[in-house]
Every structure is written in C-alpha cells, then in structure tokens.
Amino acid sequence: MYAARIPLVVLFTVLVMNNVGLSQQKKEVTLHGEIVDVISFVSSGAAKGTEEVRKSALSGNPLGFYDTGKKKLYLVGVPEMNKAANERLLPYIGIRVFVIGKVYTRNGVDLILISDIGKSIK
Amino acid sequence: MGSKLMAVVTTSSLLFLSCGGDRKSEEIKPPQLVAETTKTPESPDTLSETISGSEKPIEPKEDVKESAVPKEVTLHGELVDLVSYISSGAMNDPEAIRKSAKVGNPIGFFDTSAKKIYIVGLPQINTGANERLLPYVGIRVFLIGKTYRKSGVDVILVSDIGKSIK
C-alpha cells in the first residue's frame, strides 16, 4: 500500500520542484512610464518638476520607475554589483521612458533590475 | 373555531419571539441606514457620496486610503541593501551593505516584527538618508518617523534613529 504511494509522492515532488524552478526563472519585461523621486512621490504624492527630481537624486535619494499603465511604483536597480541606478536614470528624468528588465517582488515591494532604458514613444 | 385560531396565532407568535425573531428584525437594516451610521465627519468625500444617493459601494479614493494623516511611529528592525534584499532575499553582511550604499544604492529598513520593507528618507528636502544610516548598518535599530504608503511602497521619513535594545 505504502510502496505504491512512493512513486506518486516522488512524481508530485518533481512537479512541485519544476514549478518552483520555473517561477524563479525571471523573464525580462518592458514597462512604460516615468522616472520619479521615490521619497517625495510616496510621501507627498506630488509629481515633482524635472529639476527638483534631478536635485533630489543627486543628493542621494533613490529614483524609481512609475508604470503609468498599471499605476505601480518600482524601485530600480542595475544588475551589476555595487553600481547604483540613479546615474543611469538621470538623463531620462522628465521624459516618458521604457525600461527593460527583470522584476522582483519581496514583502510587497517591486524592484526592476534594468538591462535597458530609453525614450518611449508609446 | 375563532378561539382556536386565536390560540394558534398567539402560540406561533410566542414561539417566533422566543426563537429570537425580534433580534433578527432588529439586525436587518436598510443598507442606506447602515452606510449613514458608519459615516464620520472626517470623511467628507464618502459623506457627499451618501447624500447624493449613489448606489455604488462606498470606497475611499486611493490617495485618501493610502496616505492618511501620517503619525510618528517607532519601528524596530534592521537596515538592508534594498536592491540585493528584494532581488535575492539576502540580508547581506554589513560590509556589503556599506559598499553598496557608498556607490548610491538605497539603504532600506526591514521591520522584523511586521515583516515590512521601508524606503528611508529624511524630512529635509534633497538630503539622502544613506549617510545618516551608515553608522547603524549591521546592528538592530529603532527608527522614529512618519510613515507614508503609496502604490504598495512604504516610506519612512526618519526624525530619529538609534540602537535598539528591544
């Protein structure tokens, strides 16, 4: 009786492991939206002017990406270790952009590790 | 015949009352009445919706719901490198967080009891929080500040930080 169940348990485990594996393989996504100053965007809700966002970013506040379609805020990182995203995002403040990258979610917070960014015409 | 009928009616009504029939009738209120009794003067948007008599379920607007008047709170937890924590789940050793913060990656705060991540800012405009947080990397800390929430992201504007003994 128990011996007959073992292959089923093994099969179930393999299937679960495969599913976990698949969900961990991140796919790159393309998002369209704008670059925001995360702190002021969340705390005041107001979209700041281009110059203000630039100033804030240069002072060390993190820049984020706001997906205007899904109305979702992402923290932004770059895949390279010990490199910050702010420098890469600075030229795109104030314009509609697309970002390509892998999205990660932990404790309800979304992060995109961008591999590419550019001006969006969408 | 008439007296029998009266007796049956009286018995059935007594049975109905003893089974809590009157309680049920008290509980069933018209929906509008319930909505009006739950209104508070602090929610003018929803109140105006009730007055106008809309039948849609009353739901506060996103901004009202997420960023109500912030209160100062004290949180206990630890500082993390946001990018590596969210992408890999690694809490990182203090030296790695310090290195990452120095190149400009944001330091976040992980509330260990609520299991919640906060992006940390300072109330002063255009001042990054990393420098102020760096001495506390690797130790359990408390943060005092106002918390804000929007689009699923929590921010705390810290007014004080220190070593936690909790």
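This is a predicted model: local features need pLDDT of at least 70, side-chain atom pairs count only at pLDDT 80 or more; totals for chains, interfaces and linings use all residues.
Residues are numbered from 1 along each chain as its sequence is written, and chains are lettered from A and ligands numbered from 1 in the order in which they are written. Residues 14–23 of chain A should be read with this in mind, since pLDDT stays under 50 there, and the model gives this stretch 0 contacts beyond four places in sequence, a contact being two residues whose C-beta atoms, placed from the backbone, lie within 7 Å.

In chain A, 5 strands form a closed barrel in the order S1-S2-S3-S5-S4, with mixed pairing. Here helices (H or I, at least four residues) and strands (E, at least two) are DSSP runs numbered from the N terminus, and two strands pair if DSSP finds at least two bridges between them. Neighbouring strands of this sheet are turned by 55° against each other on average, direction ignored. Strand S1 of chain A, residues 28–37, pairs with S4(A) in the antiparallel sense over 6 bridges, and A:Leu31 stands opposite A:Val99 in S4(A). H3(A) lies across S1 and strand S2 (63–67) of chain A, running at about 100° to S1(A); axes are lines fitted to C-alpha atoms, for helices over the stretch in contact, and angles run from 0 to 180 degrees between N-to-C directions.

Chain B also holds a closed barrel of 5 strands, which runs S1-S2-S3-S5-S4 with mixed pairing, and its neighbouring strands are turned by 55° against each other on average, direction ignored. Strand S3 (residues 116–121) and strand S5 (residues 153–163) of chain B run parallel and are joined by 3 bridges, and B:Gly121 has B:Leu157 in S5(B) as its bridge partner. Helix H7 of chain B, residues 94–102, packs on the sheet, where this helix touches strand S1 (72–81) and strand S2 (107–111) of chain B and makes about 95° with the direction of S1(B).

Where the two chains meet, chain A contributes 29 residues and chain B 31 residues to the contact. On the side of chain A that touches chain B, the elements giving two or more residues include helix H2 (38–43), helix H3 (50–58) and strand S5 (109–119), and the largest share, 5 residues, comes from H2(A).

Note on methods
pLDDT is the predictor's confidence in each residue, from 0 to 100.
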